[in-house]
Amino acid sequence: MLIRVLEIVGEYFIFLGKVFRKPEKWKIFFKKLIFEMDAMGVGSLLIVSIISITLGSVITIQTALQIESSWVPAWTVGFTVRTSVVMELCPTIISLLLVGNLGSRITSEIGSMRVTEQIDALEVMGINPASFLVLPKIIASIIVNPLLIIFSIFFALFGGYLTVLLTNVVTMFDFIDGITSFFRMYDIYYALTKTTVFAFVMSSVCSFYGYRIEGGALELGKANTQGIVVASFVLLILNLVITQIML
Amino acid sequence: MIEVNNVSKYFGNTRVLNNIKTSFEKGKVNLVIGRSGSGKTVLMKCLVGLLTPDEGNVLYDGRDFYDISDDEKKSIRTEMGMVFQGAALFDSMNIQENVMFPLNILKDMSKGEKLDRVNFCLERVDLINSNKLFPAELSGGMKKRAAIARAIACNPQYLFCDEPNSGLDPKTAMLIDELIVEITHDFGITTVVNTHDLNSVITIGEKIAFIYKGDLAWCGSKEEVLSTDNVLLNDFIYAQPLTQKIRHI
């Protein structure tokens, strides 16, 4: 079992070695990059915004209920919501959501190209398929995912704002006061660093599982599940490591 | 000319190709025939470099494909065209874009030159009026013809076709065969076709290699294939009741 895991890790790094090569033509690379950024970013914006708004609403209500004490200042609710959303909920939970959404799309796309011999066709033409297909996806996700997380933070705080407005769990003044108090730019750096690493893991691991498929539709389904599970697992481990290093 | 020198290939402990030694001649349609699972596709994949042989080598006009630098290998690959069994057209592109794809990546041509070349190739396979259709909108025969157009787009010196008429009706299969012969003779390229279609064997096979369980069991021409006394080949050729009747007549 351990040997098999080490073999897969080795295959993954060999795969990355093939991916990070000079593109055949820069013009085509940038065209593919723009296409991928559009597909990943615009395609995920709706689901990210819906989940972020509900996430922000729920965390606001839960925090307000937990901190019902005259000893704790009322602005603590806004402060806690902002800190949770910026430092953990949006970078990690939304990245996990993106693994399911974008990661499965990447695995399916590359996997079906492998199954239908389209990757072999590229190879016979003298094109490096790993670099041609995967590099634009990795770069696009590294650019797009942090932008999605910034949007997500905004929407989560907006969700909290709407909840306070509609339910009055704390006063609007206290909530805004909490959100704007003790702001550290380092928290944003930390969130974006995590997101960038998660984006790389998501796109490269899911591409790897799609690229190495041998067989047909059954293997494609298996690879899709494996890609999502492994990418999510690695993402959670790295979350712990980055948190330990940066905080 | 492609020379195959003592090529062997193993999958685990199973020997799939056993010391294959043959050559595929320039300007001719060279057929590799054999039953399903005999090793035809593995041999073709070893020829184009999708699989690496465990023993032996493949020479492209004297250049050893497995003993050259990556750049030289890439240069030989730009001289290859391949038609896959399932056509392997890119789903996200229409037919015109599919045929233009290798030109976009591999050639430094103006847009007009590329368009002229694409139109020439599509006209050659009689698909000029279907150039805006996507692969999902094409019939099996049209897909194969589009794949042939893409394979010849870069003026290849070597054309490989893996079971080009499998899954097609006899009439369409004949059209594909005729197209392969015309292209081979018109452009003087070395064509290698994997098939188990008997009609192809007796109509287009200028040089035929018969593979049986990974061994090269027979080599000859379409004229010789019907009169050979090779038992294995006869078992393959006259396996169907129809061909058995023809043999007795």
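This is a predicted model: local features need pLDDT of at least 70, side-chain atom pairs count only at pLDDT 80 or more; totals for chains, interfaces and linings use all residues.

Mentor: Over all chains, a search of the whole structure finds 17 salt bridges.

I begin in chain A with E36(A). Its side chain meets that of R105(A) in a salt bridge, with 3.5 Å from N to O. The two partners come from distant parts of the chain, 69 residues apart: R105(A) belongs to helix α3 of chain A, and E36(A) to helix α2, which covers residues 26–66. Their surroundings can be compared through accessibility. R105(A) counts as partly exposed because its relative accessibility is 26%, a value between the limits of 20% and 50%. E36(A), at 2%, counts as buried.

E36(A) also forms a salt bridge with K137(A), where the N to O distance is 2.8 Å. Here 101 residues separate the partners, and the link runs from helix α5 (residues 129–167), which holds K137(A), to helix α2, which holds E36(A). K137(A) has a relative accessible area of 1% and is therefore buried.

In chain B, R63(B) and E79(B) form a salt bridge through their side chains, at 2.9 Å from N to O. This pair again joins distant parts of its chain, 16 residues apart, with R63(B) in strand β5 (residues 63–64) and E79(B) in the loop between α2 and β6. R63(B) is classed as partly exposed, with a relative accessibility of 29%. Returning to chain A, salt bridges with shared partners bring E36(A), R105(A), E109(A) and K137(A) together into one network.

Helix α3 of chain A, which spans residues 76–115, also contains R114(A). A polar atom of the R114(A) side chain lies 2.9 Å from the backbone oxygen of Y211(A). Beyond four places in sequence, R114(A) touches I119(A), D120(A), G210(A), Y211(A) and I213(A).

Salt bridges also occur between the chains: the rule finds 2 across the interface of chain B and chain A. One of them pairs K74(B) with E24(A), whose closest N and O atoms are 2.6 Å apart. On the side of chain B that touches chain A, two or more residues each come from α1 (40–48), α2 (70–77), β6 (80–83) and α3 (95–106) of chain B. The largest share of that side is the 6 residues given by α3(B). In total, 24 residues of chain B contact 16 residues of chain A. The two chains bury about 1700 Å² between them, and 63% of this is on carbon and sulfur atoms.

Apart from neighbours within four places in sequence, F15(A) contacts A130(A), V134(A), S204(A), S207(A), F208(A) and Y211(A).

Methods:
Residues are numbered from 1 along each chain as its sequence is written. Chains are lettered from A and ligands numbered from 1 in the order in which they are written. Side-chain values use heavy atoms; hydrogens and water are left out. Helices (H or I, at least four residues) and strands (E, at least two) are DSSP runs, numbered from the N terminus. A polar contact is a pair of N or O atoms within 3.5 Å; within protein, one must be able to donate a hydrogen and the other to accept it, and residues adjacent in sequence count only if both atoms are side-chain atoms. Contact means heavy atoms within 4.5 Å. Buried area is the accessible area (1.4 Å probe) that two parts lose on being put together, summed over both. A salt bridge is a side-chain nitrogen of Lys or Arg within 4 Å of a carboxyl oxygen of Asp or Glu. Buried means under 20% relative accessible area, exposed over 50%, partly exposed in between (1.4 Å probe, protein chains only).
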